[in-house]
Amino acid sequence: MNVPTEHLLFVAAALFSIGVLGFFLRRNVIVVLMCIELMLNAANLTFLAASRAHSDAQHVNLVGPVFAIFVIAVAAAEAAVGLALIIALFRLRQTTEADSVQEMEG
Amino acid sequence: MAEVLFYALSALAILFALGVVLAKSPMLSVINLLGTFFCLSVVYLLAGFQFLAAAQVLVYAGAILVLFLFVIMLLNLGDFTAAAESGPGLLHSNASKVGVAIAVAIGLALLIASSQGVLGGEVPKSPEEGIDDMTLLAAELFGRYSLPFEAISVLLLATMVAVVVLAKRQRKAAAGGAPR
């Protein structure tokens, strides 16, 4: 694939900012979690683009893929804990809207 | 050919990502997120990362999204949250405008930073057979990165315990009747 590294980074930047947008705009906690997954994926794409930029025909750079694997594992753990919190919240309040839970707003 | 596929799939991934943010029901968001993950998986494959492409489909599409779908169906959130936030109503408050401003600022900063010409626009000459060769990757994971690898397994164990504690039904105290 003859694509410059910048274009991979552009795609990652677009995906990350769309994730940030959803994180701030949506009030459904489940969709907010999905936007976090989107941002983690954009970070993964950045890792892989950097690894690809530092690989050549003789020597491959494996730091990017290794860190992408760690990011995937952490994302799985984060999604599991987040969804368990949402289930606990729903059991307490019968809602998943972030605006209806404001005890800690001060 | 691969270049055309890359640009088409990148555009598709961004469209699906917009769909995640703009979809009315959480169910549609999950389906859009699935589209994004599949497009990204093929992008990884084109960039020379076969193992990561497979892991993306197996872990993200196979495990994490099924978890999301499971929770949405368990809590029966398919439609009743749709009325609360939708379309134009999404931008009604000042907080939303601040959010849009922050997202645009981060996007612009990332775009400018990645187009600064540090990389000179050159196309990397990566090996034909892909970058994340399984043998080399395993040697790295179990050699140089074996400590973080073990830390991940401890993290997953702790997550499992945490999820069981959080999602388990709270037991009422037998005598007092007050929830614990």
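Two residues are taken to be in contact when their C-beta atoms, placed from the backbone, lie within 7 Å. Helices (H or I, at least four residues) and strands (E, at least two) are DSSP runs, numbered from the N terminus. The model is predicted, with local features requiring pLDDT of at least 70 and side-chain atom pairs counted only at pLDDT 80 or more, while totals for chains, interfaces and linings use all residues. Residues are numbered from 1 along each chain as its sequence is written, and chains are lettered from A and ligands numbered from 1 in the order in which they are written.

The secondary structure of chain B consists of six helices and zero strands, in the order α-α-α-α-α-α from the N terminus. Of its 180 residues, 25% are buried; a residue is called buried if 20 or more other C-beta atoms lie within 10 Å of its own, exposed if 12 or fewer, and partly exposed in between, with C-beta atoms placed from the backbone. Among contacts in chain B with a separation of 6 or more, 56% join residues 24 or more positions apart. The domain assignment, whose bounds come from an automatic or database source, divides chain B into domain 1 (1-82) and domain 2 (133-170).

Helix 3 of chain B has 25 residues and extends 34 Å from its first C-alpha to its last, close to the 36 Å expected at 1.5 Å a residue. The expected span is 1.5 Å times one less than the number of residues. At Leu65(B) this helix bends by about 30°, the bend being the angle between axes fitted to the seven residues ending there and the seven starting there. Its buried residues include Leu52(B), Tyr60(B), Phe68(B) and Ile72(B). The cover over the buried residues of helix 3 of chain B includes helix 2 and helix 3 of chain A together with helix 2 of chain B. Asn76(B), which follows helix 3 of chain B, has a positive phi near 55°.

In chain A, helix 2 (residues 29-53) should span 36 Å for its 25 residues at 1.5 Å a residue, and its end C-alpha atoms are 36 Å apart, which agrees. Because 21 of these 25 residues are buried, helix 2 of chain A is largely enclosed by the rest of the structure. Gln94(A) lies in the segment after helix 3 (63-93) of chain A. Although not a glycine, Gln94(A) has a positive phi of about 55°. Gln94(A) counts as exposed because it has 9 C-beta neighbours inside 10 Å.

Between the chains, 63 residues of chain A are in contact with 73 residues of chain B. Helix 1 (5-25), helix 2 and helix 3 of chain A each supply at least two residues of the side of chain A that touches chain B. The largest share of that side, 20 residues, comes from helix 3 of chain A. Ala14(A), found in helix 1 of chain A, touches Ile14(B) and Gly107(B), not counting residues up to four places away in sequence. With 20 C-beta neighbours inside 10 Å, Ala14(A) counts as buried.
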